[in-house]
Structures are given as structure tokens and as C-alpha cells.
Amino acid sequence: MSRITVENVTRRYGGTKAVDGVSLDIADGEFLVLLGPSGCGKSTLLRAIAGLLAPSEGRILVDGRDVTDIPARGRDLAMVFQSYALYPHLTVARNIGFPLRARRVRRAEIRQRVTEVAEILDLSALLDRRPRELSGGQRQRVALGRALVRDPGAFLMDEPLSNLDAQLRTATRTEITELHRRLGRTFIYVTHDQVEAMTMATSVAVLNKGRLEQIGSPTDVYDQPASAFVAAFLGSPPMNLLDAELALRDGQLHAVAPGVNVALGIETTTAGTAAGRAIQLGIRPEHLVATTATAVVADSTGAGHAGLRGTIRTVENLGSEEIAHCVLGTAEVRVRARRPAGFTAGDAITLDVRPEHTHLFDRDSGRRLAWQPDEDQAGSIPSARVPVTT
């Protein structure tokens with residue numbers, strides 16, 4: 001296995017920073033997913049780790065050894081590309097065994113290792129076929145087998161499922177997760193698909209414009225996003241983000257805006273520097289609950305639920321769930337509920353959310369905000385550190 005450390009790596013193309021000062025510590029046996037939109041630098045970072053690109057600044061270490069200037073062949077890392085990159089004139093067996101033949105491994109050993117890998121990937125019946133005779137999922141498994149046969153310290157995968165249809169992606173995603181569990185090797189996996197990240201990873205690193213926004217477990221990144229970008233990128237539908245201001249009402253801080261009066265569950269005698277601060281209020285669609293109340297509703301603990309009032313614009317039927325798109329003033333929120341939820345386009349709607357399910361972000365920087373009472377009880381809400389790590 002391999003522990004991979006990325007220290008302040010930057011990669012420039014002219015005046016553009018494709019990767020901007022990224023640092024990661026990837027433990028032995030970890031399944032790290034590099035997640036982000038197209039152009040965020042995730043594939044560039046993966047290629048720098050693999051040795052296919054030289055970083056403009058920073059270092060890359062494998063098991064404590066500085067490999068920044070060592071070519072790819074000397075790093076003991078196996079790469080699986082987005083394209084299958086199979087040799088069309090070679091059989092499945094010869095495609096899988098090609099890296100060993102290039103290293104002049106004995107034929108008997110090659111046959112043995114190809115057979116073992118084929119059994120792991122359920123390719124034993126296909127060893128005599130050529131790539132044109134295989135389905136997309138089978139070709140992807142052959143590409144995985146070619147990496148696996150080398151017995152590397154770590155596997156690097158650059159969007160390996162993007163060429164597959166939805167059903168094959170689900171099946172192959174499960175196979176890769178099971179393969180990681182069986183091998184216990186380090187996996188670094190690049191994708192823009194949040195479902196792949198949430199279901200496969202032990203850790204998720206979210207990148208945006210070349211910079212690391214947040215790294216943590218899938219649960220931490222989803223439940224405690226470090227920025228409005230992370231909050232909006234993860235989730236389907238994504239987190240609702242509403243421009244609002246902080247106000248002190250009935251001894252509690254509220255987020256207020258047209259159609260919005262949200263109790264945040266923060267009790268204070270004075271709002272201090274927080275009152276009037278411009279924020280973004282974040283609420284996951286699944287945490288909004290339709291109610292007949294017209295104002296803030298108190299729960300059994302005395303804490304208030306949030307009141308949001310608006311009109312249902314459209315309703316999406318997803319089979320087991322419905323998603324209502326609701327207009328609140330000049331903003332729009334999405335509500336996800338089990339079907340039948342009783343949503344009807346054109347109806348007025350009032351929504352509640354528990355205070356613990358609210359998230360606050362600075363409107364200018366986009367960073368997560370946290371309440372920290374001062375000694376004089378006035379209180380303040382400073383921005384979170386950048387990046388937030390676990």
C-alpha cells in the first residue's frame with residue numbers, strides 16, 4: 001500500500017493556475033475522491049500525482065519518498081483513464097498482461113497473474129475475445145485488470161465510468177467499491193458525479209477553480225459544508241441558498257428576508273455585531289416540511305421552527321418522491337418529500353425547518369459561519385477557516 005502526500009502543489013499554464021496550492025495527506029488504504037465541476041483542476045492534480053505532469057510548485061511524496069522529479073514508471077502507481085485505451089488487435093488476456101510483458105516478466109508468471117486478475121474481475125470467460133467484442137462495462141473491467149495486474153501501491157482513476165450508461169455505471173461503481181474493500185489498496189478517484197463520491201469514497205476532496213474547498217468524509221462534507229460552493233455542489237437537488245440578514249427577535253437570532261423568518265436556535269440577550277449582517281441561509285430540500293402554520297412554530301423544547309411562505313411554481317414527480325419548486329419573494333427553494341406529498345402548482349405553501357438543519361454562509365466570501373459568543377455575551381459570527389478539514 002502507499003501513503004501519498006501532496007504538499008502545496010500548484011500547476012500553471014501560462015498565467016492560469018489549474019491547481020492552486022493544494023495539500024492532501026492520503027492514508028494507506030484510503031479511497032479518496034477528487035470531486036468538482038469540469039475545469040476545477042481535479043484531473044490535472046491526479047496526473048501530477050501519477051507523474052504525467054510536473055507541478056510548477058510543491059512536492060509529491062509516496063510513502064515518505066519525494067517523487068516530484070521521478071517519472072511515472074518509478075512511482076509504483078497504476079492509472080486508469082477515462083478512455084479504455086485498449087489495444088484493439090490484442091485479446092483480453094494480452095491487454096491485461098501487456099504491462100508485465102513490457103517489464104519482461106516470465107510468460108508463466110504472466111499467465112498466472114492474468115488468470116488471477118480475470119477471476120477477480122469476472123473476465124475469465126472473455127480472455128480470448130478482442131475489445132470490439134466486449135460491452136462498455138467489460139472493456140472498463142479490462143482496463144482495471146491491466147492496472148491491477150501490476151500489483152501497484154495505489155490506483156489512480158480519472159473518471160473511469162463516464163463512458164458508461166446509467167445502469168452500467170451503477171453496477172461498475174459497486175464492483176470498484178468491492179474491489180477496494182478486497183484489496184485494501186489506496187485509491188484516488190476523479191469524478192464530477194456527486195453520487196459516485198458519496199457512495200464510493202472514504203474521504204472526499206472538493207475542488208473549485210484549482211483550490212481545495214473542503215476535505216472530509218462524505219457525511220461531513222454533506223452535513224457540514226465548509227462553503228456555499230460545497231453546499232450547492234453536493235445534493236440532488238442541491239442545498240437551497242437564500243440571501244438574508246441576521247436579526248434579534250424574542251431573544252433569538254433569526255435569518256430574515258421576504259417570505260423568510262428563520263429561527264436559528266441561537267439564544268442571546270443582544271445580537272452584538274451579528275445584527276444586520278448579510279448572509280446566505282442554507283437549507284437542504286429534504287429538511288423543509290410543509291405545514292399549515294402561518295408563523296414560526298414552537299417545538300416541545302421551546303425552540304422555534306423556521307417559517308418560510310411562498311407559492312408552489314412547479315412539481316416534479318420522481319416516482320417515490322416529489323420535488324416542489326416554490327417561489328419566496330424573489331428567491332426560489334426546492335422541497336423534497338415522499339410521494340404523495342400533496343403538492344399542487346399554484347398553491348400557497350408554508351414551510352418549517354428545525355434550527356439544527358440550517359446553515360449560514362458569509363455572503364461575500366461564501367465561507368461557513370459559526371456562532372462564537374464573546375465574553376460580554378454580545379456574540380459574533382466569524383468566518384470558518386479555509387479550508388475546513390477533518
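A crossover between two strands is termed right-handed if, with the strands pointing away from the viewer, the path from the first strand over the helix to the second runs clockwise. In the predicted model described here, strand 7, helix 5 (residues 166-183) and strand 8 form a β-α-β unit of this right-handed kind.

Strand 7 has neighbours on two strands. It pairs with strand 8 (residues 186-191) in the parallel sense through five bridges, and Phe155 stands opposite Phe187 of strand 8 in this pairing. Strand 6 (residues 77-80) also runs parallel to strand 7 and is joined to it by four bridges; here Met79 is placed opposite Leu156.

Because five of the five residues of strand 7 (residues 154-158) are buried, the strand is largely enclosed by the rest of the structure.

Side chains of opposite charge can pair when their charged atoms come close. The structure contains 20 salt bridges. Two of the pairs involve helix 5. One of them joins the side chains of Arg141 and Glu175, with an N to O distance of 3.7 Å. Arg141 belongs to helix 4 (residues 136-148) and Glu175 to helix 5, so this pair ties together parts that are 34 residues apart in sequence.

Glu178 forms a salt bridge with Arg181, their closest N and O atoms being 2.5 Å apart. These two residues are three positions apart in the helix, about one turn. Glu178 is partly exposed, with a relative accessibility of 33%, and Arg181 is exposed, with a value of 58%.

Glu109 is partly exposed, at 29% relative accessibility. Elsewhere, Glu7, Arg59 and Asp66 are linked in a network of salt bridges.

Key
Residues numbered from 1 in each chain as written. Predicted model: local features only at pLDDT ≥ 70, side-chain atom pairs only at ≥ 80, totals over all residues. Heavy atoms only, no water. Buried < 20%, exposed > 50% of the residue type's maximum accessible area, 1.4 Å probe, protein only. Pairing = 2+ DSSP bridges. Salt bridge = Lys/Arg side-chain N within 4 Å of Asp/Glu carboxyl O.
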